[in-house]
Number of protein chains: 2
Amino acid sequence: MTDGPPGDDRVVVALDVGGTGMKCALVRPDGSVLHAERHPTDAGRGPDAVVETVLAVAGGLADRARAAGSIPVACGVAVPGVVDEAAGVAVWSANVGFRNVPLRELVGARLGLPAALGHDVRVGGIAEARLGAGRAARHVLFVAIGTGIAAAHVVAGSAAVGAHGAAGEIGHILVRPDGPRCGCGRTGCLEAVSSASAVARRYAELAGATASAADVAGRAAAGEELAGRVWREAVEALADGLATGQALYDVDTMVIGGGLARAGGQLLDPLRAALHERMTFHREPRLVAAALGDEAGCLGAALLALDSLERR
Amino acid sequence: MTDGPPGDDRVVVALDVGGTGMKCALVRPDGSVLHAERHPTDAGRGPDAVVETVLAVAGGLADRARAAGSIPVACGVAVPGVVDEAAGVAVWSANVGFRNVPLRELVGARLGLPAALGHDVRVGGIAEARLGAGRAARHVLFVAIGTGIAAAHVVAGSAAVGAHGAAGEIGHILVRPDGPRCGCGRTGCLEAVSSASAVARRYAELAGATASAADVAGRAAAGEELAGRVWREAVEALADGLATGQALYDVDTMVIGGGLARAGGQLLDPLRAALHERMTFHREPRLVAAALGDEAGCLGAALLALDSLERR
């Protein structure tokens with residue numbers, strides 16, 4: 001974090017652009033939020049319209065900051081999919097509709113401010129590692145479990161990006177060779193077994209009735225046998241995936257976030273036990289629930305923008 | 001690399017201590033080898049005797065350097081197992097018999113030189129990434145396949161160590177939930193299916209006759225059906241493991257080393273094809289054979305020692 005002088009009135013404009021909504025905020029250098037707002041993404045309008053909304057919302061936030069006597073110093077934007085952070089390009093964001101959009105340049109030009117573009121889960125991981133549940137640890141794996149599953153490996157506050165902006169795709173590691181087909185085209189990916197959508201799909205298959213992952217968790221807790229079975233299968237596969245993550249990354253702390261983590265102890269307790277069983281010679285990581293909820297991405301976008309200022 | 005002045009006569013004493021033998025050398029700052037020698041480890045004598053041999057060999061190499069008019073400036077030692085590089089401690093090296101041996105301090109005191117301790121595969125990865133087959137790439141995964149399987153994730157010439165010195169344990173990721181039991185105690189680890197020892201074991205199981213992994217490779221190449229099946233199973237599981245590595249690390253180049261890589265194209269060609277099949281949305285890494293053979297660990301120990309000098 002940048003510690004400004006007393007009475008520091010600098011703020012960063014931060015946007016986390018998702019498939020359904022945008023979480024937006026003015027964030028102070030110490031990570032505290034001056035103002036937050038949300039907007040629909042309405043991705044069906046096409047990528048050009050979404051980009052225009054991003055630019056308009058960012059511009060509006062910068063104006064609001066100035067009107068309140070603050071000084072906007074940078075803008076950070078987070079998007080899902082494949083993100084080339086070095087080039088500032090949203091390479092491929094399926095659910096937002098972006099394909100090679102030079103978003104950093106567009107935002108920078110519109111606002112007249114330095115800008116940074118990041119991957120939603122990676123910047124969420126940066127936020128959880130620096131400000132959230134991983135605060136005490138140097139080596140953190142943030143795992144977001146929602147419609148999909150993705151991770152960010154954060155060491156000393158920086159997230160690994162990889163050679164092509166695609167590091168941390170823990171949703172697409174093999175856990176069940178004979179398992180269901182994944183949206184990516186392979187069979188047995190973690191995401192195809194343990195994501196919120198996979199849990200709902202599996203329950204529908206077995207029960208012949210639709211239910212959300214949260215419903216399945218609730219029914220499992222209430223003692224429904226079928227729901228319990230579906231939940232256990234998802235937790236076991238997730239533990240296999242986390243054990244693989246630990247073998248390769250060797251972290252201190254794993255922070256579990258995303259929609260499925262709202263199940264709290266009902267997810268974390270059996271997951272911790274199942275991970276423990278799988279640790280042989282490895283040091284077992286601390287397994288904790290994310291602390292920042294769905295604001296992690298927006299806060300992380302702000303941190304990324306602040307980092308980019310420090311490097312200038 | 002440290003580029004010394006013309007006529008630079010500095011050398012580093014480097015030792016790679018394995019379960020059976022030690023590869024030792026005097027290495028110049030540009031990575032060239034002034035002198036190399038090998039010694040048996042004879043681990044059966046117990047850890048104290050092995051440590052004494054390490055110290056005697058290192059001291060002898062430093063003396064030899066001075067006698068030849070060179071100036072030994074540092075000593076690097078590589079060992080297998082779990083290595084705390086920050087503390088300079090060989091935490092756990094099963095096949096050498098080390099348990100919490102403060103090897104860096106011992107070597108430094110005996111030689112009166114700055115010393116560095118590294119993990120054999122991680123420093124081998126550093127050497128392959130900087131001097132060997134990964135020279136052109138910034139993001140490299142070095143995978144050593146021999147009796148066991150381990151990896152080093154090297155970015156910009158530095159290997160990830162992890163929170164407890166145990167990063168890169170790709171041999172112990174799940175690839176076959178219904179597969180054979182691994183030496184680590186779990187079922188279905190990559191090492192239990194695709195290591196040289198696993199290939200030999202599987203062939204013995206099916207054929208009722210003993211053969212080394214190299215024999216199996218040879219018989220498969222000669223058209224023996226059973227050997228071909230065992231080899232294919234190992235290659236398929238290895239491709240699953242590498243695909244998981246790519247999902248999590250997202251590298252440019254994978255460098256395949258260790259004993260099994262001596263099979264050359266017979267391993268690399270089908271492995272490349274099998275990995276290609278498994279890439280969906282990911283960028284496919286370049287898959288190449290290691291270039292430094294069994295000298296990688298010794299060269300990497302020298303590089304680690306040189307790096308530690310630069311940081312002083």
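Biologist: Which side chain does B:Arg176 meet in a salt bridge?
Modeller: The side chain of B:Asp240, at 2.8 Å, N to O. A salt bridge here is a side-chain nitrogen of Lys or Arg within 4 Å of a carboxyl oxygen of Asp or Glu. This is a predicted model, where local features need pLDDT of at least 70 and side-chain atom pairs count only at pLDDT 80 or more, while totals for chains, interfaces and linings use all residues. Residues are numbered from 1 along each chain as its sequence is written, chains are lettered from A in the order in which they are written, and side-chain values use heavy atoms, without hydrogens and water.

Biologist: Is B:Asp240 buried or exposed?
Modeller: B:Asp240 is buried, at 5% relative accessibility, and B:Arg176 is partly exposed at 23%. Buried means under 20% relative accessible area, exposed over 50%, partly exposed in between (1.4 Å probe, protein chains only).

Biologist: What about B:Arg202, which side chain does that one meet in a salt bridge?
Modeller: B:Glu205, at 3.1 Å, N to O. B:Glu205 is exposed at 56%, whereas B:Arg202 is partly exposed at 26%.

Biologist: How many salt bridges are there over all chains?
Modeller: The search of the whole structure finds 32. Some residues are linked in a network of salt bridges, including A:Arg176, A:Asp240 and B:Arg186.

Biologist: New topic. By what turn can chain B be laid on chain A?
Modeller: A turn of 180°, with a shift of 0.0 Å along the axis and an RMSD of 0.0 Å. The two copies are thus related as by a two-fold rotation axis. The superposition is by least squares on the C-alpha atoms of residues with pLDDT of at least 70 in both copies.

Biologist: Which residue of chain B comes closest to the rotation axis?
Modeller: B:Val175, with its C-alpha at 3.4 Å.
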